[in-house]
Amino acid sequence: QVQLVESGGGLVQAGGSLTLSCAASGRTSSMYAVGWFRQAPGKERELLATRGWNDGSTYYVNSVRGRFTIPRDNAKNTVYLQMNSLKLEDTAVYYCAGKVVGDSSWKFWGQGTQVTVSS
């Protein structure tokens with residue numbers, strides 16, 4: 001089992017920055033990818049960015065590429081979502097999720113953290 005705990009959400013003004021954290025624990029040696037998702041009210045959950053747990057490869061969807069990055073602190077088993085130039089439409093609950101060897105689904109999820117961007 002892998003446990004994921006997000007933190008760092010809050011209220012930020014449009015144009016500002018915020019960094020979310022996703023701390024992984026448990027059988028992290030079985031992980032091969034971590035991703036950040038978000039879900040806005042009335043909308044489906046959407047993938048934002050992924051990072052290979054071991055190779056560090058990254059992927060960003062068009063809507064956040066150039067504004068968000070997904071660095072990792074290996075010593076802390078923590079992955080971050082650094083968000084810059086935030087827009088009102090970035091308001092959502094943000095989740096991190098993990099994939100483990102032998103399972104192509106996003107098997108493990110954090111509890112989510114609220115990000116609210118104000119004008």
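**Which residue forms a salt bridge with Asp90, with the closest N and O atoms 2.8 Å apart, besides Arg38?**

Arg67 is a partner of Asp90, and their closest N and O atoms are 2.8 Å apart. Keep in mind throughout that this is a predicted model.

**Exercise 1. Follow the salt bridges onward from Asp90 and find the network they make.**

Step 1: Asp90 also forms a salt bridge with Arg38, and here the closest N and O atoms are 2.8 Å apart. Arg38 sits in strand S4 (residues 31-39) and Asp90 in the loop between strand S9 (78-83) and strand S10 (92-100), so this pair ties together parts that are 52 residues apart in sequence.

Step 2: Arg38 has a salt bridge to Glu46 as well, at 2.7 Å from N to O.

Step 3: Now check the accessibility. Arg38 has 7% relative accessibility and therefore counts as buried. Glu46, at 33%, counts as partly exposed.

Step 4: Through shared partners, the salt bridges join Arg38, Glu46, Arg67 and Asp90 into one network. The count of salt bridges comes to four.

**Exercise 2. Find the disulfide and describe its geometry and its place in the chain.**

Step 1: A search of the whole structure gives one disulfide. The cysteines are Cys22 and Cys96, with an S to S distance of 2.1 Å.

Step 2: The link of Cys22 and Cys96 is right-handed, with 70° about the S-S bond.

Step 3: Cys22 belongs to strand S3 (residues 18-26) and Cys96 to strand S10, so distant parts of the chain, 74 residues apart, are linked. Cys22 and Cys96 are both buried.

**Exercise 3. Classify the ring pairs that involve Trp109.**

Step 1: There are three aromatic pairs in total.

Step 2: Phe37 lies in strand S4 and Trp109 in strand S11 (residues 108-109), so the pair ties together parts that are 72 residues apart in sequence. Phe37 is buried, with a relative accessible area of 7%, whereas Trp109 is partly exposed at 32%.

Step 3: Tyr95 and Trp109 form an edge-to-face pair, with 6.4 Å centre to centre and 80° between the planes. Tyr95 is in strand S10 and Trp109 in strand S11, 14 residues apart. Tyr95 is buried, with a relative accessible area of 14%.

Step 4: Ring pairs link Phe37, Tyr95, Trp106 and Trp109 into a cluster.

**Exercise 4. Which charged ends sit over the rings of Tyr95 and Phe108?**

Step 1: Over the ring of Tyr95 sits the charged end of Arg45, 4.0 Å from the ring centre.

Step 2: Over the ring of Phe108 sits the charged end of Lys107, 5.8 Å from the ring centre.

Notes:
Residues numbered from 1 in each chain as written. Predicted model: local features only at pLDDT ≥ 70, side-chain atom pairs only at ≥ 80, totals over all residues. Heavy atoms only, no water. Salt bridge = Lys/Arg side-chain N within 4 Å of Asp/Glu carboxyl O. Buried < 20%, exposed > 50% of the residue type's maximum accessible area, 1.4 Å probe, protein only. Helix = DSSP H or I, 4+ residues; strand = E, 2+ residues; numbered from the N terminus. Disulfide = S-S within 2.5 Å. Phe/Tyr/Trp six-rings, centres within 6.5 Å; stacked < 30°, edge-to-face > 60°. Lys NZ or Arg CZ within 6 Å of the ring centre and 35° of its normal.
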